[in-house]
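Q: Could you take a close look at one part of this structure with me? I'm new to this, so please spell out the terms as you go.

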Number of protein chains: 2
Amino acid sequence: MCYSINCFLIKDSMFELVSSGTITSAKGFLAGATHSGIKTEDELDLAILYSELPCAAAGVFTTNRVKSAPVILSQKRLSRGQAQAIVVNSGCANACLGQQGIADASEMASLTAKKLEIGAADVLVASTGIIGIPLPMDCIRSGIERIKLHQNGGHDFARAIMTTDTKPKEIAIKVDAQRSEFIIGGVAKGAGMVHPNLATMLCFITTDALVKADFLQSSLQRAVNASFNMISIDGDTSPSDSVFLLANGLAGNETLGFDNGKAFQEALNEVCIYLAQSMVRDGEGATKLIEVTVEGAIKQTQARQAARAIASSTLVKTAIHGNEPNWGRIVVALGQSGAEIVEGKLDVYLNNTCVMRQGCPTSFGQEEMRAALSASDNALIRVCLNLGNGKATAWGCDLSEEYVTINSEYTT
Amino acid sequence: MCYSINCFLIKDSMFELVSSGTITSAKGFLAGATHSGIKTEDELDLAILYSELPCAAAGVFTTNRVKSAPVILSQKRLSRGQAQAIVVNSGCANACLGQQGIADASEMASLTAKKLEIGAADVLVASTGIIGIPLPMDCIRSGIERIKLHQNGGHDFARAIMTTDTKPKEIAIKVDAQRSEFIIGGVAKGAGMVHPNLATMLCFITTDALVKADFLQSSLQRAVNASFNMISIDGDTSPSDSVFLLANGLAGNETLGFDNGKAFQEALNEVCIYLAQSMVRDGEGATKLIEVTVEGAIKQTQARQAARAIASSTLVKTAIHGNEPNWGRIVVALGQSGAEIVEGKLDVYLNNTCVMRQGCPTSFGQEEMRAALSASDNALIRVCLNLGNGKATAWGCDLSEEYVTINSEYTT
């Protein structure tokens with residue numbers, strides 16, 4: 001499996017990457033975008049995603065106790081497990097604005113429902129951008145009117161949600177399951193994830209598979225746990241973070257649920273992991289993807305804690321940027337992760353070379369390791385706690401510039 | 001009360017700042033340091049602190065599950081509540097070295113005990129520097145022999161423990177309590193506390209007060225909670241972090257305990273807060289001290305969580321560096337701190353100006369606020385949750401350079 005930005009995954013014969021895949025790759029989904037005027041430059045900043053049929057719908061939202069108006073509204077509407085469209089803007093988060101924010105988010109949905117001739121309750125809303133500034137509703141009103149929906153509109157949608165992103169993030173996978181074929185596509189925005197980065201992440205996923213609503217919500221939560229929640233530490237979220245999943249059933253497959261949804265879950269995980277990794281790679285000044293796998297933890301939750309702590313450690317990030325095999329920083333980040341460890345049982349691997357065995361440094365070749373780290377834009381860290389069966393993988397990017405200059409010259 | 005680096009505290013008539021105060025300001029304490037050769041340049045890197053009488057002794061150590069050999073050794077010896085000397089080196093942390101590390105730390109203590117003609121069990125050890133490299137014991141052996149103890153040796157001791165620090169950190173306070181006078185002095189090392197900074201912090205505190213051992217340990221833990229634990233987030237510690245407190249009783253005061261130790265506790269808090277703030281001010285590229293007070297939390301623990309989360313938020317730090325009154329970042333950091341909040345009850349003050357009232361932004365003067373932030377090297381953030389009586393203060397520094405360039409140009 002390969003996740004570099006131009007080289008995609010084909011996990012096994014069951015999955016196939018859709019060429020130029022996006023959220024309108026699955027049957028029956030249309031999208032469109034416009035420059036409404038929220039952003040000052042002539043960039044796309046308002047977009048609509050629409051399904052020809054009402055969808056089973058699921059969502060996972062920010063754990064921040066401060067929630068934007070669109071999050072409050074969408075979370076409430078998703079309790080029905082159904083939606084048919086999503087309207088989204090960038091440039092203004094519509095957060096920290098009290099009742100005005102709720103009224104504006106609600107009007108955005110109503111205008112979209114009217115345009116699409118569907119019920120307002122079937123429209124979800126998302127916003128990303130500046131906090132505490134009211135939405136310029138004149139721009140939103142005329143913008144929604146102007147948007148034209150296309151079968152290939154996913155690419156414009158992906159551009160319209162960008163803020164600090166340097167490139168759009170899109171993917172679609174065709175799944176050839178036992179008795180049916182279906183497509184899962186996704187787009188996302190969000191860059192950085194330098195801890196503690198509060199840049200909003202938004203993700204929109206569509207599928208033409210027929211999926212039961214309860215399984216849909218559960219599978220989305222699982223996929224988010226294995227992807228977006230592994231590129232940042234717990235609770236490290238903006239008021240606007242949202243992941244949406246719409247399933248319209250147009251693929252004509254046997255209804256998927258907990259008993260027959262394995263391929264769906266795996267494909268959904270792949271889509272989310274790909275999009276999460278794309279966010280990490282788009283981090284400010286990032287040059288390397290750091291993949292941290294922790295094995296042998298007492299529990300899986302502890303493996304997750306430990307992997308995230310290492311991947312989000314500023315000093316690990318700076319060491320990797322400087323191609324320094326500074327295993328001490330890995331061990332220290334592990335030690336403060338909260339995961340149970342026994343120092344004398346600890347093995348640590350950097351790019352598959354053992355740098356610490358049973359709690360003591362090995363005599364690995366420092367120069368060879370530096371050369372290997374320099375030569376690749378991926379750094380692999382593997383930590384074996386040798387205490388149990390808990391295993392998890394997290395991703396981070398390196399950290400460059402002045403902060404590195406200071407931290408990579410002093411070895412701790 | 002004023003904590004800028006050259007302008008010290010006189011809280012009320014009870015406390016008086018000792019001129020050029022340090023750990024040898026209290027009666028009966030001697031110290032000395034040498035260049036042993038651990039550091040390559042001709043810098044002090046090995047030091048001894050000694051009391052003419054055995055002391056009641058207390059210690060607070062790292063919460064990292066990876067602990068350096070000196071921490072393991074000192075923690076064990078302090079279970080007796082007694083010590084008479086501390087030997088410390090910089091340049092090598094003696095961490096992640098298994099049994100070899102324990103043996104070396106133990107030998108350091110024994111050599112010091114022999115030199116001072118006291119029991120080895122009465123000698124504590126601390127080390128700070130590179131992880132995973134064995135202590136150069138030849139340097140340590142000849143160095144300990146060479147060290148000469150002086151009544152004014154605290155200043156050399158303070159220099160000998162420095163690593164990334166740009167200046168030594170020392171203070172002493174004379175306390176005029178009801179029936180006695182005593183002095184509390186302290187030195188510390190540690191710079192940065194840029195989250196998640198793993199630079200070791202060491203702190204050594206001496207007093208000639210006569211203090212019961214159980215109260216001594218309890219008062220040190222309280223002082224650490226109000227100071228060093230409020231400049232970083234929970235668990236964000238290196239394997240070597242240690243705070244030591246020795247009390248030799250030479251002031252001849254009435255024995256201090258839980259019933260009559262209030263002035264002692266307050267003075268100890270001041271010493272620790274001063275040293276903690278000095279560390280923050282010595283942060284990499286730091287230009288401002290950020291003081292965050294959270295009031296009205298349901299519990300004090302939640303106020304502590306919230307204050308720390310705001311003070312350690314990278315985006316708050318960058319905003320303050322850019323003199324941007326970006327209250328949105330404060331609210332977002334608060335929202336993910338885990339503290340209970342009700343958005344509609346939230347008031348936020350920046351340098352005593354209300355920037356958010358009842359969850360909505362006020363129309364404060366952005367330009368005046370920018371000018372006020374620019375003019376001062378202190379930034380005050382006050383958050384009123386208006387839910388209960390929990391209150392806490394935390395400190396952080398601003399964050400400069402390239403990371404700021406990226407983050408301060410985009411308002412989230």
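Why is strand β7 (residues 180-189) of chain B largely enclosed by the rest of the structure?

A: Quick bit of housekeeping: this is a predicted model, where local features need pLDDT of at least 70, side-chain atom pairs count only at pLDDT 80 or more, and totals for chains, interfaces and linings use all residues. Residues are numbered from 1 along each chain as its sequence is written, while chains are lettered from A and ligands numbered from 1 in the order in which they are written.

Now to your strand. β7(B) is largely enclosed because 8 of its 10 residues are buried. Here, "buried" means that 20 or more other C-beta atoms lie within 10 Å of a residue's own, with C-beta atoms placed from the backbone. A strand is a DSSP run of E with at least two residues, numbered from the N terminus.

Next, the partners. Two strands pair if DSSP finds at least two bridges between them. β7(B) pairs with strand β6 (residues 169-177) of chain B in the antiparallel sense, over 9 bridges. To get from β6(B) to β7(B), the chain goes through a hairpin of 2 residues.

β7(B) also has 6 bridges to strand β8 (residues 202-207) of chain B, and these two run antiparallel as well. Look for A188(B) there, whose bridge partner in β8(B) is C203(B).

Definitions and conventions:
Buried ≥ 20, exposed ≤ 12 C-beta atoms within 10 Å, placed from the backbone. Helix = DSSP H or I, 4+ residues; strand = E, 2+ residues; numbered from the N terminus.
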